[in-house]
Amino acid sequence: MARLFHSKRKENGRYYTVEGIPTKEEEEENLRALHRIHCYAEGPEDMEDWDYETLGDPIIIPEPGYRTELGGSGEIEIISTLERVKSHSLYYQENFSNEVHFNYVGGTASNPIIVSALIIERKKDKKKGHLWELIVRTKKEDYFILMYSPNKNKLIKNLKLENEELLGDIEFIEVKDNLNIVSDLVHMEDRILVKAYKFGVVYCKDGQTDERDMFSNNDPSEGFIRFMDMLGEKITLKGYEGYKGGLDTTDNTTGEYSYITTFKNFEIMFHISVYLPFNPNNRQQIHRKRHIGNDVIVIVYQDGPNGGFLPSTISSKFNHVYAVVQPVQDVNKDSYQFGIVAKNGVRCHGPVLPYAPVIFPHGDEFREILLTKLINSERAAYFAPGFAQTRTRRMWLKEIVERYSSPA
């Protein structure tokens, strides 16, 4: 068995997604889990433990500014589970809006916070109180918390005491006009919810290291077509009525074909470099770059073993994660080596990869793992510094807080 690759560099993030405000103990356990099951590199100095003789050259070349995941410890089973499920659903609408509950607003224009509280289990124990579920909405994310409290007044007081770093200085006002704020919160939840995904796909010929060459490819291999057929279904764009992902389905201005799929009730549109319009007089292939350069997640299909992918090859402020796939000819022509590289600031996320080198056979298992990783990657990227979704959330929260911040 190949020797494990472990980055010596320490991580400050956590692996497990806690859909509540994590305690110090939970943070410490998450950090221990992160080191135990993930193997990362953040630059050439972290490759000292890579066994080149056994593992060969890595399919991704680590460089500063990025976190490269080339393999895990193999200590646990690969579980393809979407993360932050409550945060990426109509949870408030489906579980709170039609029940008797309470809403509170507080914070400032730069840090607006809204809390919703619902009794989910009534208790006769006056000291312990009822079991409440709370949604604490901040400009970055939603926290889902379970707490015991005999009444709503003590509930908010205890919430602040137990989460001083996040809420200690916030003065909350209970919203009396609950009917209207419920409508506003349902509307906000629906508007900011991501209901479908678009992923870029760049076809890279063996040995190509210049993005201009990658974006100029027009003749993909049969292996690439098999890979795309595994991920989804090829469609004619003209007349297509599903999720468009920014592509033209009327006049073919963004190409004639693409691939789509549905995964765990989410529609996915792929922006595939070789199917987007090609301009022989434009070395930069701006039309292709316009779409793929604005995707948060990009698959790089590296059609050959000569030349590892350097994350900075593709210049884009919006691309945050690259999923690199390379066919492995000496094992099975329908197997793939796989790695992930993310910009610093993207939260750690699963599924956790197995031992390096990470190789999966062509088929449903790899499709499940890859698509789960891509969706989790995009969700993790929303927390990166300066991400537009954070600004959008803050504006929605700010507007609602200001509307209901005057005591009745």
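Which helices and strands each supply at least two residues of the lining of the largest cavity? In this predicted model, where local features need pLDDT of at least 70, side-chain atom pairs count only at pLDDT 80 or more, and totals for chains, interfaces and linings use all residues, the contributors are α3 (91–95), β5 (130–137), β6 (142–149), α6 and α11 (388–404). Residue numbers run from 1 along each chain as its sequence is written, and side-chain values rest on heavy atoms, with hydrogens and water left out. Helices (H or I, at least four residues) and strands (E, at least two) are DSSP runs numbered from the N terminus.

The structure holds 5 cavities of 30 Å³ or more. A cavity here is a set of points, on a 1 Å grid over the protein atoms alone, where a 1.4 Å probe fits but cannot get out; lining residues have an atom within 4 Å of a point. Grid points are joined across faces, edges and corners, and a volume is the space filled by probe spheres set on the points. Sorted by class, the lining has 11 nonpolar, 5 polar and 8 charged residues, with Ala, Val, Leu, Ile, Met, Phe, Trp, Tyr, Cys and Pro taken as nonpolar, Asp, Glu, Lys and Arg as charged, and the others, Gly among them, as polar.

Helix α6 supplies the largest share of that lining, 4 residues. It covers residues 178–192, and at 1.5 Å a residue its 15 residues should span 21 Å, which agrees with the 21 Å between its end C-alpha atoms; the expected span is 1.5 Å times one less than the number of residues. The buried residues of α6 are Asn178, Ile181, Val182, Asp184, Leu185, Val186, Met188, Glu189 and Ile192. Buried means under 20% relative accessible area, exposed over 50%, and partly exposed in between (1.4 Å probe, protein chains only).

Arginine 84, in the loop between β2 (66–72) and α3, has a positive phi of about 55° despite not being a glycine, and is buried at 7% relative accessible area. Asparagine 265, also a residue other than glycine, has a positive phi near 75°. It falls in the loop between β10 (257–263) and β11 (266–272) and counts as exposed, at 78% relative accessibility. Finally, the peptide bond from glycine 350 to proline 351 is cis, with omega near 0°; proline 351 is placed in the loop between β14 (335–343) and β15 (359–361).

How values were computed:
1 Å grid on protein atoms, 1.4 Å probe; cavity = no way out; pocket = protein on both sides within 12 Å on 5 of 7 lines; lining within 4 Å.
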